[in-house]
Amino acid sequence: MVKYVAALDQGTTSTRCMIFNHAGEPVGAYQLEHKQIFPKPGWVEHDPLEIWARTQDVINGAIQDAGVMVADIVAVGITNQRETTVVWDKNTGKPYYNAIVWQDTRTDRICNTLAKNGGQDRFRPKVGLPLSTYFSGPKLKWILDNVDGVREAAEKGDAIFGNIDTYLIWNLTGGSHVTDVTNASRTMLMNLETLDWDDEIPDIMGIPRQMLPRIVPSSDPNTWGSTLPDGPFGGELPVCGDLGDQQAATVGQACFNPGEAKNTYGTGCFMIMNTGTKIVSSNSGLLTTLCYKFGDDPAVYALEGSIAITGALVQWLRDNLNIITTASEVEDLAASVNDNGGIYFVPAFSGLLAPYWRSEARGAIVGITRYVNKGHIARATLEATAYQTREVLDAMNIDSGVDLTALKVDGGMVFNEMLMEFQADVLGVPVIRPKVAETTALGAAYAAGLAVGFWESTDDMRVNWGMDKIWTPDKDSNASTELYAQWKKAVTRTFDWIED
């Protein structure tokens, strides 16, 4: 009898469930968007109850689309938007506040206050991260300090915390309160060496330890629980795989050897390089993070370059400016002009992440003349993604001491032919798209399937990887030289916009 693995992919703008066979091929999928909530400038929230409702809907939709029986599914894996912070009542399941999304900048003052004693890198030696609004710890502190009753409930043991992975696992299993090492490494609260909550940092931030979930491997034969018989799967299935979305994509791309890297083009862009069992510190604005931990095997670490706004910029053109009606239209609009018309679009909507870490920066379009039209804006939108990726790749080459010879890519934007060719030109290396471009869900499936023996080893997963298309740099392009130099100049114009 043919068996399958289910993967839940809960992202920044949508939730998806996919069903995979042993060859790593999707046999069914269903996806739904959820509302983006912007209460104030720089604030970004999601409704956790809406996300849970969408999760239940996409599970049902994917199973129907695949035409499989629940009994044919051997395991469930979870992947999620990292750093997005939820606090809920463990007795009722009701959130105390909306989820604070990873893009949210409201914790800027908290981070600045914490940095007064030790600077922005105060906790970096332990957690691999700079003090930034990006991470979960300061967001959790904000909820404790600003939402009535939460601190008291936390001290009594009623209010519990998790990133979205923890929230979904808790709901799916009826109360299993866990997170994996990759998600825990994004809270600024986990020690990279012990793979447990740090001895000091939660106390420094005023976070009661009883709020924190148990940290487990990304793929765990000792499953954390089973789906509820009366839940959306309609049966008891082991939930045993959990990876933050970018680490899941790294696993889905089969980057299992040190030095292998991928870049995911989604709401933001995230480049991860596997550094093996060695913790590699960054001097170039990158993050040191967990790549994955499979069962009892040693943890595998990574360097990461995180970019906040890439695909979200296309969404902004659609939803805020109404320049396009669907995201796919941006390529044709960009192709209506021969170049960017001299403009550069720096999308520092929530500040700049890697390699700058400038939370006070804000977005800018520079170089505007009356010659510029909406086609140039669309082209500059796509080019911004490629330039930001180049900045991260330069930093990664410096920190790792290894020059990448090719870049594996995945995510929704990799079907934009213009962007991918321009990306190869800006990087000066080939860009490779796999046959299964939505590798985030595939990575979650791999983690769960490995735990139950559906895939016996990483070699089984590597065999499944196949190339769909490759873009090679145009040797006559000036994208990596003059155009990139102008981009770097444009970035500096966004600095110091917000003054504390």
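Modeller: Asparagine 416 caps the N-terminal end of helix 13, with a side-chain oxygen 3.3 Å from the backbone nitrogen of methionine 418. Such a pair is a polar contact (N or O atoms within 3.5 Å; within protein, one must be able to donate a hydrogen and the other to accept it, and residues adjacent in sequence count only if both atoms are side-chain atoms). The model is predicted, so local features require pLDDT of at least 70 and side-chain atom pairs pLDDT 80 or more, while totals for chains, interfaces and linings use all residues. Residues are numbered from 1 along each chain as its sequence is written, and side-chain values use heavy atoms, leaving out hydrogens and water.

Helix 13 spans residues 417–427 and is mostly covered, eight of its 11 residues being buried. Helices (H or I, at least four residues) and strands (E, at least two) are DSSP runs, numbered from the N terminus. Buried means under 20% relative accessible area, exposed over 50%, and partly exposed in between, with a 1.4 Å probe and protein chains only. Among the buried residues are Leu419, Met420, Phe422 and Gln423, and Asp425 is also one of them. Their cover includes strand 14 (261–265), strand 20 (407–410), strand 21 (431–434), strand 22 (467–471), helix 12 and helix 16 (479–492). Just after helix 13, glycine 428 adopts a positive phi of about 80°.

Helix 12, part of that cover, comprises residues 374–400 and holds threonine 381. Threonine 381 counts as buried because its relative accessibility is 1%. Its side chain reaches the backbone oxygen of isoleucine 377 at 2.8 Å. Leaving aside residues up to four places away in sequence, threonine 381 touches Leu313, Val314, Leu317 and Phe345; contact means heavy atoms within 4.5 Å.

The side chain of serine 306 makes a polar contact of 2.8 Å with the side chain of glutamate 304. Beyond residues up to four places away in sequence, serine 306 touches Arg82, Tyr134, Arg186, Cys269, Phe270, Leu287, Leu353 and Ala354.
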